[in-house]
Amino acid sequence: MLTAMVTLSSAGAREVLTKISWESENWETLPKRSSRDQPDVRTCFTHLILAFLFDSSREVVREFLESRHKQIASVFPGLLHDPVASVNLVLDTLRAKLLENPLVSKTSRMKVFGSHNVKTLLSLLSWTGPKG
């Protein structure tokens, strides 16, 4: 439901961004896969995080990248065991909405694509797919 609110409008995205308590420790558990149900919590969390990058408002994207870049990076480690559709969605979104977007500052890009995060993304060269 939060993902729908974010994708519906810039006002909805701004509302979700400001009203949710992003500092809660519960956010750290969401990028971890905990069930085989589809869509699982990790997939829904990934869609929520990526939804902010699809916003047409430069201010929403900038605010999200400046304050929540760690949430984007928290998705990277689990990509090694995600389905191919999820991996492609994340990589295509990062390419189109961050790397190739002239409205995103170089500083914001560097926060997301630091050396530790790039190493994690490079590990996708040995992608294994879903466990089990």
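Predicted model: local features only at pLDDT ≥ 70, side-chain atom pairs only at ≥ 80, totals over all residues.

Q: OK, what's the mean pLDDT of the protein chain?
A: The mean is 89, and 97% of the residues reach 70 or more; pLDDT is the predictor's confidence in each residue, from 0 to 100.

Q: And where is confidence lowest and highest?
A: Lowest in helix 4 (residues 58-73), with a mean of 89, and highest in helix 5 (residues 84-99), at 95.

Q: Switching to the fold: how many helices and strands?
A: The protein chain has seven helices and zero strands. These are DSSP runs numbered from the N terminus (helices: H or I, at least four residues; strands: E, at least two).

Q: How does the radius of gyration compare with the globule rule?
A: The radius of gyration is 14 Å, close to the 14 Å that the rule gives for 132 residues, so the chain is as compact as a globular protein of that length. The radius is taken over C-alpha atoms, and the rule is 2.2 Å times the number of residues to the power 0.38.

Q: Nice. At what angle do helix 3 and helix 4 pack?
A: Helix 3 (residues 41-53) packs on helix 4 at about 150°, with the axes 9 Å apart. Axes are lines fitted to C-alpha atoms, for helices over the stretch in contact, and angles run from 0 to 180 degrees between N-to-C directions. That makes the two helices roughly antiparallel (over 145 degrees; under 35 is roughly parallel, 65 to 115 roughly perpendicular, the rest oblique).

Q: Which residues make that contact?
A: F45, I49, F52 and L53 of helix 3 meet V60, V61, F64, L65, Q71 and I72 of helix 4, with contact meaning heavy atoms within 4.5 Å.

Q: And helix 2 with helix 4, how do their axes cross?
A: The axes of helix 2 (residues 10-19) and helix 4 come within 10 Å and cross at roughly 20°, which means helix 2 is roughly parallel to helix 4.

Q: Who's touching whom there?
A: S10, A13, R14, L17 and T18 of helix 2 contact E59, V60, E63, F64 and R68 of helix 4.

Conventions
Residues numbered from 1 in each chain as written. Heavy atoms only, no water.
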